[in-house]
Amino acid sequence: GAVDIMSHVMEQYFQPNDEAYITDVLSEGVMKTVVKYALKTINEPDNYEARSNMMWASTVALNHLLTVGKGGAWSVHPIEHVVSAFYDITHGVGLAILTPAWMKHVLNENTKLRFARFAREVFGVEEADNRKAAELGIQKVRAFNQSLEMPATRSEAGVPEDLFDEMASEAVRTSTIASKAYVKLESSDVKQILLNCK
């Protein structure tokens, strides 16, 4: 659930329009809340503070508040939907595996500032160089998922690569990631992201 909440917020946070300041600050607050309370909720199931904050984060993550001023297509969800349609894995497991691979794939000179801001605001990364900060942020996402005992690779989740061409085509066909995503993704991009989850 925590991975799912984080992913829902990230899908709205990483959008072509990154000038909706108040929406971004709200998104960062929700993600920081999940980072702070997710493991505590697992380890202390009777902790009301942790559980209530996670429930509130869950509500805000997908009640459309965080879409204000954003727009565009979600990037990771269309790929994950295909993965869990082909293989018996949960949505959260698929998102945990795919999100860092997607982040690494779309990190470039045009996106590094956004990823650096994410790393600094959500995970407290203090690196001054934007590219390095962005890369550290990706590592933090992977480490966060692993702290929740989520698989980090598709091999851990039992997802082979024999159907990746078909899966990549389906992810593009059934979504608008090739035309409206934060970084537009063609079938070849989706296949590479899947391969990078090894």
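In this predicted model, helix α2 meets helix α3 through Val30, Thr33, Val34, Tyr37, Ala38, Lys40 and Thr41 on the α2 side. The α3 side supplies Glu49, Ala50, Arg51, Asn53, Met54, Ala57 and Val60. By class, the contact of α2 with α3 holds 8 nonpolar, 3 polar and 3 charged residues.

**Helix α2 against helix α3**

- Helix α2 covers residues 21-43, and helix α3 covers residues 48-61.
- The two pack at an angle of about 140°, and their axes lie 9 Å apart.
- That angle makes α2 oblique to α3, because the class roughly antiparallel is kept for angles over 145 degrees.
- The crossing of α2 and α3 is left-handed.

**Helix α5 against helix α7**

- The axes of α5 and helix α7 (residues 130-147) come within 9 Å.
- They cross at roughly 175°, so α5 and α7 are roughly antiparallel to each other.
- From α5, the contact uses Ala96, Thr99, Pro100, Met103 and Lys104.
- From α7, the partners are Ile138, Val141, Arg142 and Asn145.
- The contact of α5 with α7 divides into 5 nonpolar, 2 polar and 2 charged residues.

**Met103**

- Met103 sits in helix α5, which spans residues 91-106.
- Its relative accessible area is 0%, so Met103 is buried.
- Met103 is one of the α5 residues in the contact with α7.
- Beyond neighbours within four places in sequence, Met103 contacts Met10, Phe115, Phe118, Ile138 and Val141.
- Among these partners, Ile138 and Val141 also belong to the α7 side of the α5 contact.
- Two others, Phe115 and Phe118, are members of an aromatic cluster.
- Met103 and Cys197 are 94 residues apart in sequence, with their C-alpha atoms 11 Å apart in space.

**Aromatic rings**

- The structure has 10 aromatic pairs.
- Phe14 and Phe115 form a stacked pair, with 4.5 Å centre to centre and 25° between the planes.
- This pair links distant parts of the chain, 101 residues apart.
- Phe14 lies in the loop between α1 (2-13) and α2, while Phe115 lies in helix α6 (residues 112-123).
- Both Phe14 and Phe115 are buried.
- Phe118 and Phe123 form an edge-to-face pair, with 5.8 Å centre to centre and 75° between the planes.
- Phe118 is buried, at a relative accessible area of 0%.
- Phe123 has 15% relative accessibility and therefore counts as buried, since the cut-off is under 20%.
- One aromatic cluster takes in Tyr13, Phe14, Trp102, Phe115, Phe118, Phe123 and Tyr182.

**Arg120**

- Arg120 is located in helix α6.
- At 27% relative accessibility, Arg120 counts as partly exposed, because buried requires under 20% and exposed over 50%.
- Leaving out residues up to four places away in sequence, Arg120 touches Val125, Glu127, Ala128, Asp129, Asn130 and Ala133.
- Arg120 and Lys40 are 80 residues apart in sequence and 22 Å apart in space, C-alpha to C-alpha.
- Lys40 is one of the α2 residues that meet α3.

How values were computed: Residues are numbered from 1 along each chain as its sequence is written. This is a predicted model: local features need pLDDT of at least 70, side-chain atom pairs count only at pLDDT 80 or more; totals for chains, interfaces and linings use all residues. Side-chain values use heavy atoms; hydrogens and water are left out. Axes are lines fitted to C-alpha atoms, for helices over the stretch in contact, and angles run from 0 to 180 degrees between N-to-C directions. Helices (H or I, at least four residues) and strands (E, at least two) are DSSP runs, numbered from the N terminus. Angles under 35 degrees count as roughly parallel, over 145 as roughly antiparallel, 65 to 115 as roughly perpendicular and the rest as oblique. A crossing is left-handed if the near helix is turned anticlockwise from the far one by less than a right angle, and right-handed if clockwise. Contact means heavy atoms within 4.5 Å. Ala, Val, Leu, Ile, Met, Phe, Trp, Tyr, Cys and Pro count as nonpolar, Asp, Glu, Lys and Arg as charged, and the others, Gly among them, as polar. Buried means under 20% relative accessible area, exposed over 50%, partly exposed in between (1.4 Å probe, protein chains only). Rings of Phe, Tyr and Trp (its six-membered ring) pair if their centres lie within 6.5 Å; planes under 30 degrees apart count as stacked, over 60 as edge-to-face and the rest as tilted.
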